[in-house]
Amino acid sequence: MHGISLDEKLAVLQQAKVMEIFHQAGGSGNKAREMALSAFFFADHVINLIEAANPLPRPIPCQVGCHFCCFAQVELTPPEALILGEYVEQQFSETEKKELLARSQRSLDLQAGKSKKKIAKIRAKLPCPLLKEGKCMAHPVRPLVCRAMHALDPGACEKALKTADLSSPPYYAHRQEIFFSISQGLLAGCRDVGCQSAALELSRALLDYFARPQPGERWVLGEKVFTLPGRK
């Protein structure tokens, strides 16, 4: 989401919420989940307030099965990666988990040694590992960047994917700004409480989640659970 405006007030509010959750009593394993859920709820709440007061001039046509944006390489925060991994762990069969991790590794292999621009050019070969039959297998806990994705012309999305066009189809900037600002607040809050706080790549984060036991507890204790993009 480079180049998107930052709403500092939203970022600061989410940052404070992360710190509040971290310092609450209770099991450490729940803290990352609560941080992610608080960001999801906050983003939806702000958007609903704004759009209730200022109705959209054009409805958003995105619907189930419209998955052309699911070929973007997703960056997410550690709490989002942890709630995503937890969902997979609890909701997927063993076969589904193995297939997901295999798709994640294939995605990383295709991206290896390539710049972000080159990766974007071949994105038609890089579906999200969670995409199956045109649907997200973890839709209830999809990351903020995925929640932000929308377009006013789904045909333009399909064409851009097929032609490797890197320009963005028309969209509502306020939605992108809200999700981006809350994501930045989430990262800032993680940094403030001493937890790993860098943006992660989804495929790598899924592999890291299942590489060691109790990743949520380890992360809350300040361990480096995830591999940063560009590193092994």
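Residues are numbered from 1 along each chain as its sequence is written, and side-chain values use heavy atoms, with hydrogens and water left out. Because the model is predicted, local features need pLDDT of at least 70 and side-chain atom pairs count only at pLDDT 80 or more, while totals for chains, interfaces and linings use all residues.

To start with the helices, α2 (residues 31-53) packs against α3 (residues 78-91) at about 105°, and the two axes lie 8 Å apart. Helices here are DSSP runs of H or I with at least four residues, strands are runs of E with at least two, and both are numbered from the N terminus. Axes are lines fitted to C-alpha atoms over the stretch in contact, with angles running from 0 to 180 degrees between N-to-C directions. The pair is therefore roughly perpendicular, a label for angles of 65 to 115 degrees. On the α2 side, the contact (heavy atoms within 4.5 Å) uses Ala 32, Arg 33, Met 35, Ala 36, Leu 37 and Phe 40, and α3 brings Pro 79, Glu 80, Leu 82, Ile 83 and Glu 86. Sorted by class, that makes eight nonpolar, no polar and three charged residues; Ala, Val, Leu, Ile, Met, Phe, Trp, Tyr, Cys and Pro count as nonpolar, Asp, Glu, Lys and Arg as charged, and the others, Gly among them, as polar.

Gln 111 sits in helix α4 (residues 94-111). Its relative accessibility is 11%, so Gln 111 counts as buried (under 20% relative accessible area; exposed is over 50%, with a 1.4 Å probe and protein chains only). Apart from neighbours within four places in sequence, Gln 111 touches Gln 73, Ile 119, Leu 126 and Glu 201.

Next comes the second largest pocket, lined by 14 residues, with Glu 89, Tyr 209, Pro 215, Gly 216 and Glu 217 nearest its centre. A pocket is an open set of points on a 1 Å grid over the protein atoms alone, with protein on both sides within 12 Å along at least five of seven lines, and lining residues have an atom within 4 Å of a point. Helices α2, α3 and α10 (215-220) each supply at least two lining residues, and α3 gives the largest share, at four. The lining has six nonpolar, three polar and five charged residues.

Two non-glycine residues have positive phi. Glu 133, with phi near 55°, lies in the loop between β2 (131-132) and β3 (135-136) and is exposed at 76%. Gln 214, with phi of about 50°, is found in the loop between α9 (202-209) and α10 and is exposed at 55%.

Notes
Parallel < 35°, antiparallel > 145°, perpendicular 65-115°, else oblique. 1 Å grid on protein atoms, 1.4 Å probe; cavity = no way out; pocket = protein on both sides within 12 Å on 5 of 7 lines; lining within 4 Å.
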